[in-house]
Amino acid sequence: MPHATTAPVPLLRTRAIGAGHLRAFLAVARHLNFRAAADELSLTQSAVSRQIQSLEDEVGVPLFLRHTRAVELTGAGAQLLRSVAPALEQIDASVRQIRQTVGRKSVAITTWASFAAMWLIPRLESFQRAWPDIDIRIDTSDTVMDLDTTDVDLALRYGRAGDGWPQAQRLFGEQLAVVASPRLLAGGPPLRTPADAARYTLIETGDAHRMPQLEWLGWQRWFGVQGCDQLQPPRWLYFNYAHQIVQAALAGQGLAIARLPLVADALAAGDLVEVLPAHRLESPLAYWLIVGPRSAARPEVAAFCRWLQEQAEVTRETVESPPA
């Protein structure tokens with residue numbers, strides 16, 4: 001009795017495919033027609049056919065079913081299309097953006113989200129009016145970026161003097177103040193002493209452990225300095241970021257300990273009210289400008305830094321003066 005033969009198992013390909021034929025694949029998949037794809041790509045029909053054949057050889061399976069008058073995607077082809085179409089679209093969008101910025105002056109800034117939202121962005125219009133030909137790119141992240149190796153021009157950071165930032169320029173310091181919305185105060189119990197704050201919902205930073213400096217924003221420290229650290233409010237409201245804390249205070253959801261540089265505009269506009277101004281806390285932290293060594297000589301970066309220092313001087317005069 002003859003032995004049964006077993007079909008050889010095809011070897012699985014592990015090498016990544018080349019990307020050169022993917023545009024031809026996308027064009028054929030879009031039109032389901034080799035001639036229309038060739039017209040789109042300004043190639044001959046036979047050239048497109050060879051590219052598709054080479055791609056199928058690399059993938060290891062057919063991507064199209066070729067009928068007499070029609071082309072149809074196989075299951076593998078449809079699966080590949082779902083990845084190729086958005087990937088090439090994203091690449092094309094990036095290339096368009098790069099081409100549009102060629103020859104344009106720009107300044108790239110890294111900072112953290114709360115500072116960008118509450119201090120930097122509201123002031124940017126004045127810079128754009130003065131320098132309409134300079135583009136600004138802001139990257140908000142808690143991750144400290146290396147200005148020596150990235151394409152970021154300058155960093156705006158928050159910390160103590162001597163935190164390992166050579167050549168850092170101090171913008172302004174800060175005081176911490178208790179703030180609330182006028183609407184909340186109008187309907188709440190009187191606030192005459194620090195102990196009265198415990199009669200309100202207190203808005204608190206929810207992850208002070210994430211960065212040591214966030215402990216300065218905690219109510220526990222504030223009550224301790226005031227000599228009433230045993231008090232507990234009726235409820236707590238926790239948020240991760242300073243701009244969320246201030247947003248909750250603006251919405252009338254409780255009292256917040258705020259960084260004066262970040263709420264000076266809201267206080268000036270009357271959207272927030274500083275309560276117990278005689279009980280501000282001095283913070284050991286400050287706001288710093290660090291310019292990348294490769295960017296300092298560029299005129300557009302120098303212009304932005306001058307503007308930034310002018311804005312910082314206004315903030316210094318506002319928040320470093322004694323409370324009214």
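Author: Let us begin with Glu-300, which counts as buried because its relative accessibility is 10%, where buried means under 20% relative accessible area, exposed means over 50%, and partly exposed lies in between (1.4 Å probe, protein chains only). Before going further, please note that this is a predicted model, in which local features need pLDDT of at least 70, side-chain atom pairs count only at pLDDT 80 or more, and totals for chains, interfaces and linings use all residues. Residues are numbered from 1 along each chain as its sequence is written, and side-chain values use heavy atoms, with hydrogens and water left out.

Reader: With which side chain does Glu-300 meet in a salt bridge?

Author: Side chains of opposite charge can pair when their charged atoms come close. Here the criterion is a side-chain nitrogen of Lys or Arg within 4 Å of a carboxyl oxygen of Asp or Glu, and the side chain of Glu-300 meets that of Arg-298 at 3.0 Å, N to O. Arg-298 is partly exposed, since its relative accessible area is 26%. Salt bridges with shared partners also bring Asp-153 into one network with Arg-298 and Glu-300.

Reader: Turning to the nonpolar side chains, how many residues does the largest nonpolar core have?

Author: In soluble globular proteins, nonpolar side chains tend to be buried together. A nonpolar core is a set of buried Ala, Val, Leu, Ile, Met, Phe, Trp, Tyr and Cys residues joined through side-chain atoms within 4.5 Å. The largest one in this model has 60 residues, and Leu-154, Leu-156, Trp-219 and Phe-304 are among those with the most contacts inside it. Apart from that core lies another, of 18 residues, including Leu-26, Ala-37, Leu-55 and Val-84.

Reader: Where does Leu-156 lie, and with which residues is it in contact?

Author: Leu-156 lies in strand β5 (residues 154-159) and counts as buried, with 2% relative accessibility. Contact means heavy atoms within 4.5 Å, and, leaving aside neighbours within four places in sequence, the partners of Leu-156 include Ile-109, Trp-112, Leu-120, Trp-288 and Leu-308. Leu-120 is 36 residues apart from Leu-156 along the chain, and their C-alpha atoms are separated by 9.7 Å.

Reader: Why is α1 described as largely enclosed by the rest of the structure?

Author: The description applies because seven of the ten residues of α1 are buried, among them Leu-22, Phe-25, Leu-26 and Val-28.

Reader: Which residue with a positive phi follows α1?

Author: Most residues other than glycine have a negative phi, and most peptide bonds are trans. α1 is followed by Leu-32, whose phi is positive, near 50 degrees; Leu-32 lies in the loop between α1 and α2 (34-41) and is partly exposed, with a relative accessible area of 37%. Leu-276 likewise has a positive phi near 50 degrees, in the loop between β10 (273-275) and β11 (281-291), but Leu-276 is buried at 8%.

Reader: How many disulfides does a search of the whole structure find?

Author: A disulfide is a pair of cysteine sulfur atoms within 2.5 Å, and the search finds zero. Cys-228 is buried, with a relative accessible area of 14%, and Cys-305 is buried too, with 12%.

Reader: How many helices and strands are there in the protein?

Author: There are ten helices and eleven strands, and buried residues make up 39% of the 324 residues.

How values were computed: Helix = DSSP H or I, 4+ residues; strand = E, 2+ residues; numbered from the N terminus.
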